[in-house]
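Please look over the sequence and the model before reading on.

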Amino acid sequence: MIDVHVTLVVLAVLVLTAGAVLSLAAITTGWIAPGRGRAKVLRPRVWGYGTLVAMAGIGTYLFVGPLQGPDMGNFPVAMSGMAAFAAGLYVQRQSLKPARKTSS
């Protein structure tokens with residue numbers, strides 16, 4: 001019988017992999033999957049970079065923190081993963097704004 005921990009780890013890996021694949025698609029081709037927020041994204045490559053950073057951050061948080069066990073020795077690393085996740089969300093938010101005009 002599969003226990004809950006293994007199920008959560010497998011689900012986390014699947015979600016992180018899907019996020020990484022979608023972010024790489026946005027970075028390389030500028031394509032974003034259809035959905036509610038697609039029309040609001042003005043710069044898909046920036047959104048892709050933000051998603052990639054967010055997936056790396058939340059993956060670090062999950063696999064060094066809660067899914068690792070009750071060991072508090074990894075707490076600073078887990079929190080740095082959460083900070084990277086927040087930075088990725090900030091970059092994603094910036095993709096909703098138009099690009100700056102450069103004067104030449």
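Helices (H or I, at least four residues) and strands (E, at least two) are DSSP runs, numbered from the N terminus. The model is predicted, so that local features need pLDDT of at least 70 and side-chain atom pairs count only at pLDDT 80 or more, while totals for chains, interfaces and linings use all residues. Residues are numbered from 1 along each chain as its sequence is written, and side-chain values use heavy atoms, with hydrogens and water left out.

**Helix H3 and its cover**

- The buried residues of H3 are Ala 78, Gly 81, Gly 88, Gln 92 and Gln 94, where buried means under 20% relative accessible area, exposed over 50%, and partly exposed in between (1.4 Å probe, protein chains only).
- Helix H2 (44–64) is included in what covers the buried residues of H3.
- Gln 92, which lies in helix H3, counts as buried because its relative accessibility is 18%.
- Once neighbours within four places in sequence are left aside, Gln 92 is in contact with Trp 47, Gly 50 and Thr 51, contact meaning heavy atoms within 4.5 Å.

**The chain as a whole**

- The chain holds three helices and zero strands, and its pattern along the sequence is α-α-α.
- The radius of gyration of the chain is 16 Å, well over the 13 Å that the globule rule gives for 104 residues, so the chain is more spread out than a compact globule; the radius is taken over C-alpha atoms, and the rule is 2.2 Å times the number of residues to the power 0.38.
- Taken along the principal axes, the C-alpha atoms fill a box of roughly 60 × 30 × 20 Å.
- Among the contacts in the chain with a separation of 6 or more, 62% are between residues 24 or more positions apart.
- Of the 104 residues, 24% count as buried.

**Surface**

- Leu 8, found in helix H1 (residues 4–29), counts as partly exposed because its relative accessibility is 43%.
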